[in-house]
Amino acid sequence: MKTNNHEVIFAIVNAGFAEEVMEVAREQGVRGGTVLNAHGVTREDAAAFFGINLHPEKEILMMVVEKEIRDKVLNAIYKEMGMAKAAQGIAFSLPVSDVAGLVQMEENKK
């Protein structure tokens, strides 16, 4: 089903922090997400330049959200889990052109 009302937020954090990110996101209205285990790679000189420690084990939390809450979710994640915090997180969103399942749930609420 075509929809332009959703975006997917990706939050990449050090391993062990995905549940905390999900809690922050839930407080902003996100219903759920999917966690992927990942391994980060970077050059050591780049890490030193940005003043971060290397933690290669990462978790990626993917959340499909309504566009109207995207900004407050991203801001909350940045505030609570950003690069200056232990999670050393980054978050970004991408547009979603089609959604199956979520739209049905929303239509059933009406």
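A: A residue is called buried when its relative accessible area is under 20%, exposed when over 50%, and partly exposed in between (1.4 Å probe, protein chains only). Phe92 is partly exposed, with a relative accessible area of 34%, whereas Phe10 is buried at 18%. This is a predicted model, in which local features need pLDDT of at least 70 and side-chain atom pairs count only at pLDDT 80 or more, while totals for chains, interfaces and linings use all residues. Residues are numbered from 1 along each chain as its sequence is written, and side-chain values use heavy atoms, with hydrogens and water left out.

Q: How many helices and strands does the protein chain have, and in what pattern do they follow one another?

A: Helices (H or I, at least four residues) and strands (E, at least two) are DSSP runs, numbered from the N terminus. The protein chain has 4 helices and 4 strands, and along the sequence they give the pattern β-α-β-α-β-α-β-α. Contact means heavy atoms within 4.5 Å. Of the contacts between residues at least 6 apart in sequence, 80% join residues at least 24 apart.

Q: How is an aromatic pair described, and which residues form one here?

A: A pair of aromatic rings is described by the distance of the centres and the angle of the planes. Rings of Phe, Tyr and Trp (its six-membered ring) pair if their centres lie within 6.5 Å; planes under 30 degrees apart count as stacked, over 60 as edge-to-face and the rest as tilted. The whole structure holds 1 aromatic pair. Phe10 and Phe92 form this pair, which is stacked, at 5.2 Å centre to centre with 20° between the planes. The pair links distant parts of the chain, since Phe10 belongs to strand S1 and Phe92 to strand S4, 82 residues apart.

Q: Is Ile77 buried or exposed, and which residues does it touch?

A: Ile77 lies in helix H3 and counts as buried, at 3% relative accessibility. Leaving out residues up to four places away in sequence, Ile77 touches Ile9, Ala11, Val21, Val24, Met63, Gly82 and Ala91. Gly89 is 12 residues from Ile77 in sequence and 8.0 Å from it in space, C-alpha to C-alpha.

Q: What is noted about the backbone of Gln88?

A: Gln88 has a positive phi of about 45° although it is not a glycine. This residue lies in the loop between H3 and S4 and is buried, with a relative accessible area of 12%.
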